[in-house]
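Colleague: I would like to learn how to read the strands, helices and cores of a model; could you take me through them?

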Amino acid sequence: MAQRGIREYDGKRILAQNWEEYFDGAFEYDFKSILITPETDLDKVPEQYPWVKETPLVAKPDMLFGKRGKLGLIFFKKEKPGDVTWEDAKEWIKQKMSEEVEINGVKGHLTHFLVEPFVPHKPEEEYYVAITTGEDEDIIYMSAFGGIEVEENWDKVVEVRIPITASDEEIKKLIEENVPADIKDKEKFADFVYRLYKLFRDLHFTYLEINPLVMVGNKVYPLDFVGRVDDTAQFVAGRKWGELEFPAGFGRDLSPEEKYIKEMDEKSGASLKLTILNPEGRIWTLVAGGGASVVYADTVADLGYVKELANYGEYSGNPSRAETREYVKTVFDLMTRSKHPKGPKILIIGGAIANFTDVAKTFEGIIDAMKEYADKLREVGVKIYVRRGGPNYEIGLKKIKEAAEQLGLPIEVYGPETHMTEIVKKAIQEAEKEAA
């Protein structure tokens with residue numbers, strides 16, 4: 001499972017698109033949200049969304065970072081709440097798009113904004129609800145004290161643990177029994193949370209937070225929404241998600257290579273991920289499996305070489321030979337653009353013990369890429385370390401060793417008898433000896 005953050009706009013859109021199925025007339029949600037991007041023609045917005053001329057507005061960035069209220073990045077007039085016009089919001093967005101801002105120590109530009117109707121309400125009408133997944137249970141958080149001070153009032157948040165084996169009746173009972181005492185209409189709130197949890201589970205969210213949640217009668221206003229989904233569930237929940245983008249975090253624009261792999265990933269049933277950390281780094285990885293990619297990256301960091309780690313990513317889910325070849329070629333293209341001053345670069349081809357991925361088949365894709373980039377790999381200087389297990393791993397290891405030797409590329413090959421992190425330590429120690 002790979003948890004991927006989604007925009008607030010998409011979270012609310014998904015909620016609205018599936019509202020009838022899960023809330024069945026018990027609650028009303030009048031979804032009115034506009035996602036503003038650099039491509040949006042602001043002058044044409046009132047033509048597409050006439051309501052922006054008819055109601056007070058709120059505007060805020062929609063770029064996967066929180067605490068926008070505390071950062072002064074939610075636009076409404078404090079002295080006259082509910083007095084922001086479309087012209088006001090448009091000018092504010094233009095101004096913010098033109099400025100460089102710093103969020104949590106990261107500098108960048110604000111590019112995506114959310115515009116919505118201003119919802120007048122009292123502080124006591126602000127609630128908090130969040131749901132997250134655990135190993136063998138889900139956890140629901142509820143509070144009568146929502147809004148930007150929820151963390152300061154965390155002692156008032158009630159935590160409810162839902163076993164994954166719980167029946168609908170058991171889930172309802174657990175929620176009803178734990179609704180915070182300060183919530184006025186406990187029965188109605190419990191019903192909403194139960195329905196929201198069913199949506200959360202069915203649509204393969206891994207995290208969902210509405211803060212604040214305003215409830216007035218049967219009308220529901222999710223004023224702020226944070227969501228993450230399991231991106232490997234696209235084939236199950238994609239129809240209910242609709243067209244869904246997984247944006248990069250604030251301050252980090254995708255490189256052409258990262259975009260290319262992202263596009264491949266979106267078209268594939270396999271999982272293909274690539275993040276460039278340091279294109280001048282000495283240690284490069286080709287890792288099969290999301291868990292393994294974390295282990296290898298953590299091992300490099302634990303050994304004190306995190307600044308030399310060039311990339312982070314994975315190819316898993318039994319990618320085809322062609323998909324593996326294109327993924328590996330992208331990495332090879334990046335790592336052969338320059339030599340490293342300390343000597344040969346390190347290429348770690350690793351993974352745990354695969355369940356169903358055909359190791360020999362994916363290694364064929366790696367070998368194809370090695371043949372194409374052999375001259376550049378020799379010119380830059382690369383030593384390859386392989387550790388892999390799983391279906392047909394013996395065939396795969398034999399083939400990749402023979403291919404590398406024929407191409408004049410130094411290689412060491414290990415099977416599952418060697419711990420997966422051992423080759424990281426070995427590779428770094430040998431590289432340090434050569435540099436000394």
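This is a predicted model: local features need pLDDT of at least 70, side-chain atom pairs count only at pLDDT 80 or more; totals for chains, interfaces and linings use all residues.

Colleague: In what order do the strands of the open sheet lie?

Modeller: Strands of a sheet pair through backbone hydrogen bonds, either parallel or antiparallel. Here the 3 strands have the order E2-E6-E3, with antiparallel pairing; strands are DSSP runs of E, at least two residues, and helices runs of H or I, at least four, numbered from the N terminus, and two strands pair if DSSP finds at least two bridges between them. Strands E2 (34–36) and E3 (57–61) are at the edges with a single partner strand each, so one side of each has no neighbour in the sheet.

Colleague: How many bridges join E3 to E6?

Modeller: There are 5 bridges between E3 and E6 (residues 113–117), and Leu57 has Pro117 as its bridge partner in E6.

Colleague: Which strands does helix H1 lie across?

Modeller: Helix H1 (residues 8–17) lies across E2, E3 and E6, at about 45° to E6, where axes are lines fitted to C-alpha atoms, for helices over the stretch in contact (heavy atoms within 4.5 Å), and angles run from 0 to 180 degrees between N-to-C directions.

Colleague: Which residues have the most contacts inside the largest nonpolar core?

Modeller: A nonpolar core is a set of buried Ala, Val, Leu, Ile, Met, Phe, Trp, Tyr and Cys residues joined through side-chain atoms within 4.5 Å, buried being under 20% relative accessible area with a 1.4 Å probe, protein chains only. The largest has 45 residues, and Phe192 and Phe205 have the most contacts inside it.

Definitions and conventions. Residues are numbered from 1 along each chain as its sequence is written. Side-chain values use heavy atoms; hydrogens and water are left out. Buried means under 20% relative accessible area, exposed over 50%, partly exposed in between (1.4 Å probe, protein chains only).
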